[in-house]
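Subject: Structure handover

Hi,

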Amino acid sequence: MDNGDAAHTQPTIYDVARAVGVSIASVSRVLNNERNPLPETRERVLQAVADLGFIPDGAARALSARLKEVVGVVIRRPTAVPAAGDVYADEEESLQFPDLINRGIEVAAQHRDFNLLVCSVDVDDHDYSRRIFALARKSDGLILHEQVIGPDQLARLSRQVPIVTLAGVQTPSTTNVGGDNVSGMRALARHLVHDHGFRTLAYLSGHASSPDNIARHAAFGEEVTAAGAGFADGPQWQGNYYAAGGAKVIERLLAEGAVLPEAIACANDQTALGVVHALTQHGLDVPGDIAVTGFDDIPVARHLRPLLTTVRQPIQQLGATAFEALYAMVCDGEVAGRNIILPTTLVRRESCGCAAAPGLAAHPAAG
């Protein structure tokens, strides 16, 4: 083997970090005896160095020193509008779906010795982009929850740091992670139409511009109409992913004397919670009078009465996958532009009319 081949096969700090499952900055701390790394981490790094025959050089040390070992996470927090009686007054303080995703990010980051900086963005905040760009300067990369920044600013931001979006749209300079909305909603529509025989169904939407909402709406509507059933949607069915928003839609329709459909598919579980509450407050039985379904399978869906039929996403895994995708871009040179889709599962419970059954098994969404 000539010298060129030897140089080409020489192990790098990236190889050591990958073998141990930590960041290159963590490897650097061990090699330079800095910041008192955990004894277990130190032992594993030194073992990998020995096994691989890694010889540190100045370039590797300089590269690892540039890492901050910090990932910025930006959450979209739209202002909730409480329903009558302020039943949902504290809802904005408990964003169950984003909070569960963030827990997945946090656990994955801890495994890699990274820390999180979390920033919330309100849709009514006209100065939010300044704070996001400031966060980027403090981070090795960003994970952006759905629709926190416009396409032009996203393109500009991605030239500053690596970016992974959650429930967004992949671009040449960003990677996206999301759930399989299409398979999940098609399976749900088939279940409601074919298994239960519903002939009139509606979709109560989330944010109109949300890629998740757009995909769920289209897949559900197409499947319902293909089966010859009646499908209701439109401005009167516009929610906002909140229980308060779902309740407000139902309150308005009932006040107008509208004839409600036999089944309402909600854009997410939080919306469904509000719909069930509003219907029961008006003396309507779920599912006896109207079936209601959700999407996500947040923990409260398993304790609602009636138990909520929904489409389950691996919520924490979405967060963990987003972090690992960003880590690969930051530390391994992974290229952007991927669209990572995780599977969803139809979960049949009482709110659609299925019989109650303890430990009811989930049914695959695809098919």
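A pocket here is an open set of grid points where a 1.4 Å probe fits, with protein on both sides within 12 Å along at least five of seven lines. Lining residues have an atom within 4 Å of such a point. Keep in mind that this is a predicted model.

**Largest pocket**

The largest pocket holds about 330 Å³ of space. Its lining consists of 20 residues. Nearest the centre of the pocket lie Q147, V148, I149, G150 and P151. Helix α8 (151-158) supplies at least two residues of the lining, and so does strand β4 (163-166). By residue class, the lining has 11 nonpolar, six polar and three charged members.

**Four-stranded sheet**

Next, the sheet. Four strands form an open sheet in the order β7-β6-β8-β9. The pairing is parallel.

Look at the β8 and β9 pair. Strand β8 covers residues 263-266 and runs parallel to β9, with three bridges joining the two. I264 stands opposite V292 of β9.

**Helix on the sheet**

Which strands does helix α12 touch? Helix α12 (residues 269-281) packs on the sheet and touches β6 (200-204), β8 and β9. The direction of α12 makes about 160° with that of β9.

Best regards

Methods: Residues are numbered from 1 along each chain as its sequence is written. This is a predicted model: local features need pLDDT of at least 70, side-chain atom pairs count only at pLDDT 80 or more; totals for chains, interfaces and linings use all residues. Side-chain values use heavy atoms; hydrogens and water are left out. On a 1 Å grid over the protein atoms alone, a cavity is a set of points where a 1.4 Å probe fits but cannot get out, and a pocket is an open set with protein on both sides within 12 Å along at least five of seven lines; lining residues have an atom within 4 Å of a point. Grid points are joined across faces, edges and corners, and a volume is the space filled by probe spheres set on the points. Ala, Val, Leu, Ile, Met, Phe, Trp, Tyr, Cys and Pro count as nonpolar, Asp, Glu, Lys and Arg as charged, and the others, Gly among them, as polar. Two strands pair if DSSP finds at least two bridges between them. Contact means heavy atoms within 4.5 Å. Axes are lines fitted to C-alpha atoms, for helices over the stretch in contact, and angles run from 0 to 180 degrees between N-to-C directions.
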